[in-house]
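Have the viewer open while you read.

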Amino acid sequence: MSTAQVSIKDALYEPPGPKSRKVIGIATVITLTVLTILLALIIRQFYITGQLNARYWSFLGRASTWKFLGKGLLGTLEAAALAGGVTFAAGFCMMMGRISRYKVVRGISTAFIEFTRGVPTLLFIYFFFLVAPQLGWKLSALWKIAAPVAISASGVVAEVLRSGVNAVPKGQREAALSLGMRENTVFFRIIFPQALRYVIPALIAETVIVVKDTTFAYVVNFPDLMQNAKVLISNYDAMLSVYLLVACIYILINYLINKISDLTAGLQNITIGSSRGGGRAGGRYGAGRGE
Amino acid sequence: MVQAEENKEVLTEQSPIIELRNIDKYFGEHHVLKGISLTVKKGEVVVVIGPSGSGKSTLCRTINRLETIDSGEIIIDGVPMPGEGRKLAQLRAQIGMVFQSFNLFAHKNILDNVIMAPVEVLHMPKQQAKEEALQLLKRVGVESQAAKVPAQLSGGQQQRVAIARALAMHPKAILFDEPTSALDPEMINEVLDVMTELAAEGMTMVVVTHEMNFARRVADRIIFMDDGSILEENTPEEFFEHPKTQRAQDFLNSIKEH
Amino acid sequence: MSVQELLAEYGDKYVLALLTTWKLTALAFSAAFVIGIVVTVMRVSPVKPLRVAGDFYVQIFRNIPGAALLIVLVYALPYLNVVLSYFTCVLTATALIPAAFCSEYLMAGMNTIALGQIEAARALGMNFSQMIRLIVIPQALRSSVLPMTNLLVATMLTTALASQVPLNPTDLTGIVAHINTHAVGGVTAFLISAVLYCATAVVIGQIGNLIDRKARILR
C-alpha cells in the first residue's frame with residue numbers, strides 16, 4: 001500500500017538494514033573517489049595542454065562576447081521560431097490528411113509523414129542549400145535552414161497531434177453530434193481543443209528537435225549561435241573554450257525546454273506522446289532525434 | 001475442520017509458526033502498528049478484521065517484512081527474521097503470500113508463474129516442479145489455463161493461480177492480504193472456496209478480509225484491529241455474538257447495515 | 001541528370017554510401033545499447049553518486065545537438081591532445097547521443113512493471129539478483145522493443161552527421177553534397193538517398209513490429 005506511489009527505481013530496493021547500509025556507504029566512497037580522479041584527470045589534461053591559460057578564457061569577461069553570442073542566440077531563436085511555426089502548420093495539415101475520410105488523401109499524407117520521418121534533417125538541408133538553387137528557387141539563408149528543419153519535424157508533430165485526437169473519448173463526439181453540431185464544428189470546437197491540451201507537453205518537447213537541428217545553420221551560412229561562435233574563435237583564437245561554452249548553452253536551453261514540458265505535463269492528468277519517450281505508437285525518437 | 005481442531009490439541013506444545021513481539025511501525029508521524037504481539041500456531045486459521053485504515057493489511061505485510069518495522073521482533077517457526085540479507089529471503093520463502101491485486105508475473109504463463117520460485121529459490125528439479133505445479137493448478141481448478149498468460153484470465157482465476165504459486169513453495173503458512181477485495185462479486189466465492197479447503201486440510205493461515213461469513217465459518221480465531229492496535233482476540237462464535245469492546249460492536253453493526 | 005545517368009556515374013558510390021550508413025548505424029546502435037544499459041544500471045543503483053552521474057550523462061547527451069558534439073570532438077579535443085579519426089568522431093557522437101535516449105526508454109520500460117510483482121517476487125523468497133534477472137530485465141526488455149526500434153531509426157538519421165567531416169567512402173547524405181558540388185545532381189541525387197534512408201527505416205520498423213508482436217506483454 002505504502003509503495004503505491006513509489007517509482008520502480010526505489011521499489012527495487014528494500015529499506016537498507018545495517019549491513020546493506022555499510023555496503024552502500026563503501027560503494028558511495030569508491031564512486032566518489034573514482035569520479036573525483038576522473039575529473040582531476042580531465043582538468044590535468046586541460047592544464048598540461050595549456051588550455052587553462054587565462055587567454056583562452058578571458059573572452060568570457062568581455063561584454064562584446066556576450067553581445068555577439070546573444071545576437072547569435074537571437075538568430076537561433078529566429079530560425080527555431082520560424083521553423084516551429086511552419087512545423088506546427090505543416091504537421092496539422094498532415095494530421096488532418098492522415099485522418100481524412102478520403103483514402104487517397106490518407107495514403108498521400110501517410111507516405112509524406114513516413115518520408116519526413118525517415119530522412120535525416122541534414123539531407124533536407126542539402127536539398128534546400130544545393131538542389132533548390134538548381135531548380136531556380138531563391139531563398140534567404142533563414143528559409144534555407146528553417147524550411148528543412150520544419151519539414152523534418154513536421155511528420156513527428158503530425159503523429160503527436162494524431163495521438164492526441166485519438167485520445168479524446170468517443171463519447172465527446174457522440175455527445176456533440178447528438179446536440180446537433182456538424183462534423184466540422186465537432187472537430188474544431190470539441191475534439192481538437194481537447195487533443196491539443198493533451199499533447200502540449202509533447203509539442204513543447206518537440207521544439208528541442210527544432211532547436212537542435214538549427215545548429216546546422218552554418219551549412220547555409222545563417223548567423224546563429226554556432227555560426228557566431230566560429231567568428232569568436234577566429235577573433236580570440238580560443239577554439240576549445242568557445243565550443244565548450246556554446247555546447248553548454250545549447251544543453252541548457254534544451255534542458256529548460258524539457259523541464260517546461262515536464263512541468264506542463266505535471267499540470268494535467270492525461271499526457272499523450274509524453275516527452276519521456278517510451279510507448280508512443282509509431283513515434284520516432286521521443287524528444288530530440290539527436291541531430 | 002474437525003481434523004484441524006484435533007491437530008491443534010496435539011501440537012499445542014510446539015513453538016508457534018508465526019510470532020510477533022511488540023511490533024511498532026510508523027508512517028512518518030502516523031503510528032500504524034502500536035505494540036502488536038501475535039502468535040499463530042501450526043494449523044491455525046487466524047482472520048484479521050477491522051475498519052479500513054486500522055492497520056490490518058500493514059500487519060499482514062509485516063509478517064514477512066514486506067513492510068519495515070521500527071521496533072519489535074518477528075519469529076518464524078522459532079527463527080528470528082532479520083531485516084535484510086539471505087536469511088530474510090529464506091524465511092520469506094517459507095511463508096506464502098497472496099495479494100489483493102494477484103501480482104502474477106505478467107511476462108510468464110500460468111505454469112511458469114507457479115514453477116519459477118520452486119526452481120529458482122528452492123532449486124527443485126524442473127520436471128518435479130512442473131508435475132507439482134500441474135497438480136496444484138488442478139486443485140485450484142485452473143489446470144486448463146496453464147499455457148495462458150495472466151492477463152487472459154479472470155480475476156478469480158488469477159487469484160487461484162496466485163494461491164497455487166504460494167502453495168508450490170510448500171509454505172509453513174500462507175498470508176492472505178485482502179484476497180477478494182479486487183474481485184467482482186461473482187468471483188469471490190471461487191477464491192473463498194479454495195481457501196476454505198486449504199483451511200480444512202490444516203494449512204496455517206493468516207487472512208485479512210472483509211468477508212464476515214468466511215471469517216465466521218473458517219476462522220479458529222478472530223483478531224479485531226482498530227487504529228493500529230489489536231482490540232479483541234476471540235473465537236468467531238464469541239466475537240460475533242458477544243463482542244467485548246464498543247468499537248467492535250460499532251464495526252459489526254456498520255457491516256450489518258449493508 | 002536522369003536516374004540512369006546518375007546511377008551509371010555514381011552507382012558504386014551510392015552502394016558504398018549506403019553501406020557506410022548501415023555500418024555506422026549498426027556500430028553506433030550497438031555501442032549506444034551497451035552504454036545505455038550501463039547508464040541505466042547506474043541510474044537505478046542504490047549508490048547516490050552513481051545515480052547522479054547517470055542522470056547527468058542523460059541530461060547532457062539528450063540535450064546536446066549532434067552538430068555541437070561532433071564539432072567539439074573533431075575540432076576542440078585535439079587541443080587536449082586527444083586526436084580521433086573522423087570516423088571515430090562520427091561514431092562517438094552517434095553512439096553517445098542515442099545512448100542517453102536508450103537509457104530513457106529502458107527506464108520507461110521498467111516503470112511499466114507493476115510494483116506488486118516486485119513484492120510478489122520478494123514474498124516468494126527471491127533475492128535481489130533473482131528478482132532483477134527473472135522479473136525486471138525480461139519485462140523491461142520486452143516492453144522496450146518498439147522504442148528500441150525507433151531508436152535504431154533515429155540512430156540512422158543521426159549518422160548523417162558523417163557528411164560533416166571528410167570521410168571516404170562518405171555516407172548517404174555526404175554523397176548528395178558531393179554530387180551536387182561536383183555536378184548538377186538535382187532532385188534525383190537527393191531522392192535516391194532519401195529513398196534508401198526511408199527504405200531502411202521501413203524495414204527496421206517492420207522487423208521491430210514483428211518482434212514486438214511476439215514479445216509484447218499482455219496487461
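How many residues lie between E9(B) and E10(B) in their hairpin? There are two, and Asp227(B) in the turn has a positive phi of about 55°.

Some ground rules before going on. This is a predicted model, where local features need pLDDT of at least 70 and side-chain atom pairs count only at pLDDT 80 or more, while totals for chains, interfaces and linings use all residues. Residues are numbered from 1 along each chain as its sequence is written, chains are lettered from A and ligands numbered from 1 in the order in which they are written, and side-chain values use heavy atoms, with hydrogens and water left out.

**The strand and its partners**

Strand E9 of chain B covers residues 221-226, and six of its six residues are buried. Buried here means under 20% relative accessible area (1.4 Å probe, protein chains only). Helices (H or I, at least four residues) and strands (E, at least two) are DSSP runs, numbered from the N terminus. Arg221(B), Ile223(B) and Met225(B) point one way, with Ile222(B), Phe224(B) and Asp226(B) pointing the other way. In a regular strand, side chains alternate between the two faces of the sheet.

| Partner of E9(B) | Residues | Sense | Bridges |
|---|---|---|---|
| E3(B) | 45-49 | parallel | four |
| E10(B) | 229-234 | antiparallel | five |

Over in E10(B), Glu232(B) is the bridge partner of Phe224(B), and Ile230(B) is that of Met225(B).

**Where chain A meets chain C**

Now for the interface: 67 residues of chain A touch 74 residues of chain C, with contact meaning heavy atoms within 4.5 Å. About 6100 Å² is buried between the two chains, 69% of it on carbon and sulfur atoms; that area is the accessible area (1.4 Å probe) that two parts lose on being put together, summed over both.

The salt-bridge count between chain A and chain C is one, using a side-chain nitrogen of Lys or Arg within 4 Å of a carboxyl oxygen of Asp or Glu. Arg122(C) and Glu14(A) make that salt bridge, at 3.4 Å, N to O. Several helices of chain A each supply at least two residues to the side touching chain C, among them H2 (18-48) and H5 (103-118). H11(A) gives the most to that side, with ten residues.

How values were computed: Buried < 20%, exposed > 50% of the residue type's maximum accessible area, 1.4 Å probe, protein only. Pairing = 2+ DSSP bridges.
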